[in-house]
Amino acid sequence: MDHKSHTKALHNAYIRSLKKEKYWVRFYQLVIFLIFFAGWEIASKNQWIDPLIFSSPSKVWELFLIKVQDGTLFYDLGFTLSETILGFILGTLLGTILAAILWWSPFLSKILDPYLVILNSMPKVALGPILIVALGPSFTSIVAMGTIISVIITTIVVYTSFREVDPNYIKVLQTFGGTRFQIFKEAILPSSFPVIISTLKVNVGLSWVGVIVGEFLVASKGLGYMIIYGFQVFNFTLVMLSLLVIAVLATIMYQAVEFLEKKLIKNN
Amino acid sequence: MTFLNVQDIHHTYFTKSNAVTALSNISLQVEEGEFISFLGPSGCGKTTLLSIIAGLFQPTEGRVELEGKQVATLKSEIGYMLQQDYLFPWKTIEENILLGLKINHHLDEEKKAYAKDLLLQMGLSDVESLYPKQLSGGMRQRVALVRTLATEPKLLMLDEPFSALDYQTKLHLENLVSDTLKSFGKTAILVTHDIGEAIAMSDRIYLFSPSPGKVHKVFEVPEELRECSPFDTRNHPLNAEIFQTIWKEMESLGSQESHKSTP
């Protein structure tokens, strides 16, 4: 009896210490955030750094308010965000479909192996000019950039995970007379979900790279265009604003993928 | 007509560097309702033979017939249990036990009720909505047995299904499997390297010798032991006698092996 209450007290103390640690982690995260922006502001005000190049948080905030009020920020943001999300989904989906085709036909996968290696090691953004000429300087070619940058690496990673599924799960299905499609649906695909989700996380970052580079090259709107335009007219406040907005959006997308991960794989 | 007829099986695995003959000249017959064991050291092709009988792949030579029909054409009449449960971790227990029925498109309310009833018979209640990782090893292997039995196979293959369990659970499960199979009148083939288990479970034991795998000797388990439960068989005075006989045979196999490897 006494022993029991003692254990309970210890457990409570343990929970308290966990909470306390979490509290301190949040505290220091906030401290870093504040020091960064305060330091930036002060350094810029006192001309320790060139305010023309590095701007300052207050100027970025002012510009943010102006662009929110006249609606131009949301216009650019919506454009870039839709390109990125589309490129991200297409890249992951096409990569997974390609991986499934390779799994389906081991013969084909042997044939295509060296080509995958070449395509993977090639810098995909270098294809930008060709895409623009082929698809036109438009939404389509930017989405294509966002897609192409992640599709090959997704194919390779997901295909590897398909092949590493424990053959005994396949054997279980074969003893029930399972077809190759049933084996894929019941064993191969679900057991690869954790890998697919982790490629999603990588692809969030990659798609942003593809889309921003695409916009550098062609766009007349979007966050990438804001960066390149700000650079051309030497308005670095615009560049900084765009960077901060991208940082926030990319983080939100990443969090959304993590949320999806928790929903999809509770039991592995 | 014999229930299961295994005729002149040869099987050779081909790799780039060599061709390994895993099985040579295997013929055996099993009658309906019998429990057979394949006993032998590892690497004597027991699992290969089991897979061939289950129709998972074709032997290089020979044929396997269940009730006069080639096994490759009737996969769903043969159930197969592996060394570990291999329950799908992302499926609930209910989804797991219905998997076989779903795969061969026989899932209906009646079969569903049958599978759930089997689960109760195995002493597993209120587990349908749980996930495999929430169960103990012995419970999971029982669920795997339900999954195998749910499709009502005529012939059951047991590929060392107790080898990954602790001793106590293993003894419990041996009794449970033996009782269940007897009550359903199922025919079963057990692969094992445990002499005690082979004696406890089966009516007849095929002792295999390795490289290439072939039937070395066949032992009939005495009538008295067959009627006992596996647990009682282990404690029966006759058990020690037949254990000694088989043990000596296996020893002689081992010594032949060591002679072979020192030219």
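In chain B, residues 24 or more positions apart account for 70% of the contacts (heavy atoms within 4.5 Å) with a separation of 6 or more. Before the views, a quick word on conventions: this is a predicted model in which local features need pLDDT of at least 70 and side-chain atom pairs count only at pLDDT 80 or more, while totals for chains, interfaces and linings use all residues. Residues are numbered from 1 along each chain as its sequence is written, chains are lettered from A and ligands numbered from 1 in the order in which they are written, and side-chain values use heavy atoms, with hydrogens and water left out.

**View 1. Chain B as a whole has ten helices and ten strands.** Helices (H or I, at least four residues) and strands (E, at least two) are DSSP runs, numbered from the N terminus. The radius of gyration of chain B, taken over C-alpha atoms, is 19 Å, close to the 18 Å that the globule rule (2.2 Å times the number of residues to the power 0.38) gives for 263 residues, so chain B is as compact as a globular protein of that length. Its C-alpha trace spans about 60 × 45 × 40 Å along the principal axes. Buried residues (under 20% relative accessible area, with a 1.4 Å probe and protein chains only) make up 53% of the 263 residues in chain B. The accessible surface (Shrake-Rupley method, 1.4 Å probe) of chain B comes to about 11,900 Å², and 50% of that belongs to carbon and sulfur atoms.

**View 2. Here is the open sheet of six strands in chain B, in the order 6-7-8-3-9-10 with mixed pairing.** Two strands pair if DSSP finds at least two bridges between them. Strand 6 (78-81) and strand 10 (214-220) of chain B stand at the edges with a single partner strand each, so one side of each has no neighbour in the sheet. From one strand to the next, the twist averages 20° (axes are lines fitted to C-alpha atoms, and angles run from 0 to 180 degrees between N-to-C directions). Strand 3 (residues 35-39) and strand 8 (residues 187-192) of chain B run parallel and are joined by five bridges. Look for B:Ile36, which stands opposite B:Ile189 in strand 8 of chain B.

**View 3. The largest nonpolar core holds 57 residues.** Such a core is a set of buried Ala, Val, Leu, Ile, Met, Phe, Trp, Tyr and Cys residues joined through side-chain atoms within 4.5 Å. B:Leu4, B:Phe38, B:Ile53, B:Leu155, B:Met157 and B:Ile189 touch the most other members. Leaving out residues up to four places away in sequence, the contacts of B:Leu4 include B:Leu28, B:Val30, B:Ile53, B:Leu155 and B:Ile189. Apart from this core lies another, of 31 residues, among them B:Met122, B:Val127, B:Ala188 and B:Met201.

**View 4. Over to chain A, with twelve helices and zero strands.** The radius of gyration of chain A is 25 Å, well over the 18 Å that the globule rule gives for 268 residues, so chain A is more spread out than a compact globule. Along its principal axes, the C-alpha trace of chain A spans about 80 × 75 × 30 Å. Of the 268 residues, 39% count as buried. Chain A exposes about 15,600 Å², with carbon and sulfur atoms supplying 73% of it.

View 5. Just after helix 11, A:Phe234 takes a positive phi of about 60°.

Conventions
Buried means under 20% relative accessible area, exposed over 50%, partly exposed in between (1.4 Å probe, protein chains only).
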